[in-house]
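Please read this briefing with the sequence and the 3D structure open beside it.

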Amino acid sequence: MFNQRIKIKQLLSATPTGTEVVVMGWVRTFRNNQFIALNDGSTNANIQIVASLGEFEDVILKRITTGASLKIIGTVVESLGKGQSVEVKAKTIEILGDSDAEKFPLQPKKHSLEFLREKAHLRFRTNTFGSVFRLRHALAFAVHQFYNERGFVYLHTPIITSSDAEGAGEMFRVTTLPLEGAPKNEQGEIDYTQDFFGKGTNLTVSGQLEGELGAMAFSEIYTFGPTFRAENSNTTRHLAEFWMIEPEMAFYDIEDNMNLAEEFIKYLINYALKNNADDIDFLDARLAEEEKLLPTEKRSGFGLREKLELVVNNNFERITYTEAIDILLNSNHYKKKKFQYEVKWGIDLQSEHERYLVEQHFKKPVIVTGYPAAIKAFYMRMNDGCAPGKETVAAMDILAPGIGEIVGGSQREERLDKLEARMNAMHIPLEDMSWYLDTRRFGTVPHAGFGLGFERMIQFVTGMTNIRDVIPFARTPKNCEY
RNA sequence: UCCUCCUUAGCUCAGUUGGUUAGAGCACAUCACUGUUAAUGAUGGGGUCCUCCGUUCAAGUCGGAGAGGGGGAGCCA
């Protein structure tokens with residue numbers, strides 16, 4: 001058997017001195033021709049391997065270079081040095097894979113995130129990305145645990161869809177038809193009846209509509225999968241391929257929905273704080289270093305851990321859209337004409353408005369409800385008793401400091417007549433959506449749901465400012481490497 | 001897509017009013033040293049100054065176009 005090794009995380013936490021161990025990993029640094037800092041990705045901490053002088057051949061020592069992979073057999077001993085409590089005194093050193101020191105791009109020094117983004121296949125071997133992607137894993141696991149504990153069914157909604165009414169953005173076309181000389185129908189349009197599915201298909205922009213079908217049988221479901229948007233968005237918080245969690249619950253109104261979303265976000269953060277304390281502390285320290293380089297007015301004034309604990313230990317602020325507009329209109333910021341965009345009832349809140357509410361006014365996550373119907377999707381439930389011209393829907397957005405919108409959700413319109421009226425008004429063909437409308441025809445119930453952008457959640461927990469740094473291989477406009 | 005900034009050694013960057021052979025730190029190689037903590041010391045190699053066009057006696061430096069990247073905006077999660 002080849003693999004009888006001990007992982008470095010376990011070795012450092014619970015192995016008595018005197019134990020003989022097998023350790024494998026990649027060389028981070030090799031100091032003084034004697035001390036190897038070895039890392040296996042289980043933790044950012046390295047194990048120091050001691051290759052005592054004179055015990056190993058020069059030809060072996062020469063091959064211990066940054067990035068090389070090693071198999072070490074040795075004994076755990078108390079360290080004579082100061083940087084670590086234990087180290088491994090090597091008996092044998094086997095080079096598993098060489099790494100040409102002249103060509104290996106990662107050096108034992110600080111690299112820019114932009115440079116590492118271009119080396120996405122190797123950046124996992126850095127401390128920063130080690131912490132980020134261990135946290136990504138932990139959060140994904142916590143998502144399933146949270147919903148499983150509450151009896152939700154994990155529903156796999158399709159990635160290829162023929163529905164183009166999801167209404168969430170530009171879609172990627174899926175086809176087997178040739179780009180050149182695609183078959184045309186009598187009207188001269190591309191003849192999708194000859195395509196693989198016999199109709200035009202796209203990559204999904206949301207699993208919500210299918211999720212609702214599941215909720216109408218299992219009561220509570222969630223989806224967690226990749227989602228695709230062909231928007232030409234070049235920002236630090238948009239990806240063309242991203243992961244989204246979309247719970248959908250029967251017998252929930254908008255308030256139940258908000259409660260679940262808040263509980264969910266806090267659960268994820270708590271899970272990370274508890275299970276990945278080392279990674280959060282590492283990123284916290286890293287962020288503190290970055291902050292020092294910023295001018296005073298641009299500093300957040302919060303440490304990462306401090307920010308996360310603040311979120312977990314306080315209730316999210318809950319306000320209506322109308323109250324949000326009033327707060328903005330009464331702000332000094334508005335009176336000094338510092339908003340670039342107009343503020344009045346009916347506008348969609350701009351980034352600057354959301355930032356003001358979250359970062360200046362409340363200084364914590366904010367849930368905004370009751371948006372104007374005119375700026376929201378067809379499936380959101382019309383609020384009763386609105387003044388004419390001021391119709392609102394039971395929508396809710398959760399805004400997070402530094403990220404902006406992290407959750408978007410609503411109570412869904414369960415009343416068939418109202419839903420059809422809304423779809424007609426928005427020119428959505430009812431016949432294409434009869435499968436969706438069936439849920440309202442046969443045993444409709446009040447229900448609600450939301451979508452949480454997984455990468456934005458990871459951004460919030462890791463403090464990484466660019467979304468491209470929290471997904472292993474980012475897909476963005478003009479960029480699809482690997 | 002719009003606004004804005006950037007592109008010089010493997011990395012991070014400096015480069016004067018346009019001037020002759022383009023620099024530093026780190027990395028890398030060789031040697032020395034040996035309980036180091038991104039080891040240290042000495043020596044050395046390493047450049048399509050993003051690309052193209054233009055202005056000029058002369059362009060890393062000035063102008064135009066293009067490509068790539070960062071930040072911001074819109075769209076949203």
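## Helix H5 and its surroundings

The buried residues of H5 pack against strand S7 (160-161), strand S10 (220-228), S11, helix H13 (434-441) and S16. Buried means under 20% relative accessible area, exposed means over 50%, and partly exposed is in between, with a 1.4 Å probe and protein chains only. Helices (H or I, at least four residues) and strands (E, at least two) are DSSP runs, numbered from the N terminus.

This is a predicted model, in which local features need pLDDT of at least 70 and side-chain atom pairs count only at pLDDT 80 or more, while totals for chains, interfaces and linings use all residues. Residues are numbered from 1 along each chain as its sequence is written, chains are lettered from A and ligands numbered from 1 in the order in which they are written, and side-chain values use heavy atoms, with hydrogens and water left out.

- Helix H5 covers residues 208-218, and its buried residues are Gln208, Leu209, Glu210, Gly211, Glu212, Gly214 and Ala215.
- An α-helix has 3.6 residues a turn, so residues three or four places apart point the same way.
- After H5 comes Ser219, which has a positive phi, near 75 degrees.

## The chain as a whole

- Chain A has 14 helices and 16 strands.
- Along the principal axes, the C-alpha atoms of chain A fill a box of roughly 85 × 60 × 40 Å.
- Chain A has 482 residues, and 49% of them are buried.
- Of the contacts in chain A with a separation of 6 or more, 69% are between residues 24 or more positions apart. Contact means heavy atoms within 4.5 Å.

## The surface near RNA strand B

- RNA strand B is surrounded by 50 residues, and the closest are Asn32, Pro108, Thr235, His238 and Arg456. A residue is near a molecule or strand if one of its heavy atoms lies within 4 Å of it.
- The residues of this surface divide into 12 nonpolar, 22 polar and 16 charged. Ala, Val, Leu, Ile, Met, Phe, Trp, Tyr, Cys and Pro count as nonpolar, Asp, Glu, Lys and Arg as charged, and the others, Gly among them, as polar.
- Sugar or phosphate supplies 50% of the atoms of RNA strand B within 4 Å of the protein, and bases supply the rest.
- An N or O atom in the side chain of Thr29 is 3.3 Å from a phosphate oxygen of RNA strand B.
- The bases are approached as well: a polar side-chain atom of Ser79 lies 3.5 Å from a base nitrogen, and an N or O atom in the side chain of Gln84 is 3.2 Å from a base oxygen.
- Two or more residues of the surface near RNA strand B come from each of strand S1 (20-31), helix H3 (113-118), strand S11 (241-250), strand S15 (404-411) and strand S16 (447-453).

## Salt bridges

- The whole structure has 26 salt bridges. A salt bridge is a side-chain nitrogen of Lys or Arg within 4 Å of a carboxyl oxygen of Asp or Glu.
- Asp98 and Arg63 form a salt bridge, with their closest N and O atoms 2.9 Å apart. Asp98 lies in the loop between strand S5 (86-97) and H3, and Arg63 in the loop between helix H2 (58-62) and strand S4 (69-78), so the pair ties together parts that are 35 residues apart in sequence.
- Asp98 counts as exposed, at 51% relative accessibility, and Arg63 as partly exposed, at 35%.
- Asp279 and Arg134 form a salt bridge, with their closest N and O atoms 3.0 Å apart. This pair links distant parts of the chain, as Asp279 is in helix H7 (residues 277-292) and Arg134 is in helix H4 (residues 127-149), 145 residues apart.
- Both Asp279 and Arg134 are buried.
- One network, made of salt bridges that share partners, joins Arg381, Asp384, Glu413, Glu414 and Arg415.

- Arg422 lies in helix H12 (residues 416-425).
- Arg422 is buried yet has no salt bridge, and Glu413, the nearest side chain of opposite charge, is 6.9 Å away. For charge, Lys and Arg count as positive and Asp and Glu as negative, while His and the chain ends are not counted.
- Gln48 is in strand S3 (residues 47-50) and is buried, with a relative accessible area of 9%.
- The side chain of Gln48 makes a polar contact of 3.1 Å with the side chain of Arg31 and one of 3.1 Å with the side chain of Glu87. A polar contact is a pair of N or O atoms within 3.5 Å; within protein, one must be able to donate a hydrogen and the other to accept it, and residues adjacent in sequence count only if both atoms are side-chain atoms.
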